[in-house]
Amino acid sequence: MSTSAAPRRAVPLGWRTGFALVLASGMGLLAFTWPLVIGAGSILEQNAAAPVILGGVLLGVVLVVLVALGDGGIDAKTIAMLGLLAAVGAVLRPLSAGSAGIEFVFFFIVLGGRVFGAGFGFALGSITLFTSALLTGGIGPWLPFQMLAASWIGMGAGLLPRRIRGALELVMLAAFAAVCGLLYGQAMNLSFWPFTLGPGSALSFQAGAPLSENLHRFLLFSLATSLGWDLMRAIVLATGIAILGRPVLFALRRTARLASFGPPSGPPAPEVRAARK
């Protein structure tokens, strides 16, 4: 294993943008997990427009973070790279279409976040899912949930240990992608589970029930509906990164150097030294 510092992040994270990310993530976590903690008689439980309300809140949260990231210093080269990677991811999504869990849209979100940093990864996740929704007609109250979940994946990839390179880096990224592929499906299930079934089912959400009971009902719901697809998504993402991760990482890092986001602060990676010979 070799260690080397990565180039300067394409989207610098100051204390303001960091605070916006933390606040948005906290609000997003509440929007996803409210069914597990809500009490009986809540407005969300009784309001049929709850998915639209929650989706609108999350969309506002994502937009606030994107504005904060822009205020932190995004130049034209960063915007161009965001547009390119988001376009590639948006095109890959309808090609794979999520059939049987085969979904490639997160491939470049993970690798882009890894190379260009957490702020870039957050923006890339939201923009990619929004662009792909425009292409596929997948616009609805579920879209803000998808955007925020994808943004968390990109941000998480940017927060992974930076000094790990080589084969160990691919193992780390493949494992990260597999976990994210599984958790993404569970998060999406949780976002619509309370509104899918009637109150009389053993899989139904029960407002005011103990956390353990609702969690048990949710796990049964996921097992009966999408767990197989989620596991396949995890396997496909991990396999794709294991096979294609090295050349894509090399290409993205070379692009980052040429774009001059900032000078490397450490010795170049082995593949960079080999390319210079």
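**Helix 5 and helix 8**

Student: Which residues of helix 5 and helix 8 meet?
Tutor: Phe 106, Val 110, Leu 111 and Arg 114 in helix 5 meet Glu 169, Met 172, Leu 173, Phe 176 and Tyr 184 in helix 8. By class, this contact has seven nonpolar, no polar and two charged residues. Nonpolar covers Ala, Val, Leu, Ile, Met, Phe, Trp, Tyr, Cys and Pro, charged covers Asp, Glu, Lys and Arg, and the others, Gly among them, are polar.

Student: Where does the model come from, and what limits apply?
Tutor: The model is predicted, local features need pLDDT of at least 70, side-chain atom pairs count only at pLDDT 80 or more, and totals for chains, interfaces and linings use all residues. Residues are numbered from 1 along each chain as its sequence is written, and side-chain values use heavy atoms, with hydrogens and water left out.

Student: How many helices and strands are there?
Tutor: The protein has eleven helices and zero strands; these are DSSP runs numbered from the N terminus (helices H or I, at least four residues; strands E, at least two).

Student: New topic: where is Ser 151?
Tutor: Ser 151 lies in helix 7, which spans residues 143-159.

Student: Buried or exposed?
Tutor: Ser 151 is buried, since its relative accessible area is 0%. Buried means under 20%, exposed over 50%, and partly exposed in between, with a 1.4 Å probe and protein chains only.

Student: What is Ser 151 in contact with?
Tutor: Beyond its neighbours within four places in sequence, Ser 151 is in contact (heavy atoms within 4.5 Å) with Gly 121, Phe 122, Gly 125 and Ser 126.

Student: And how much of the protein is buried?
Tutor: Buried residues make up 48% of its 277 residues.
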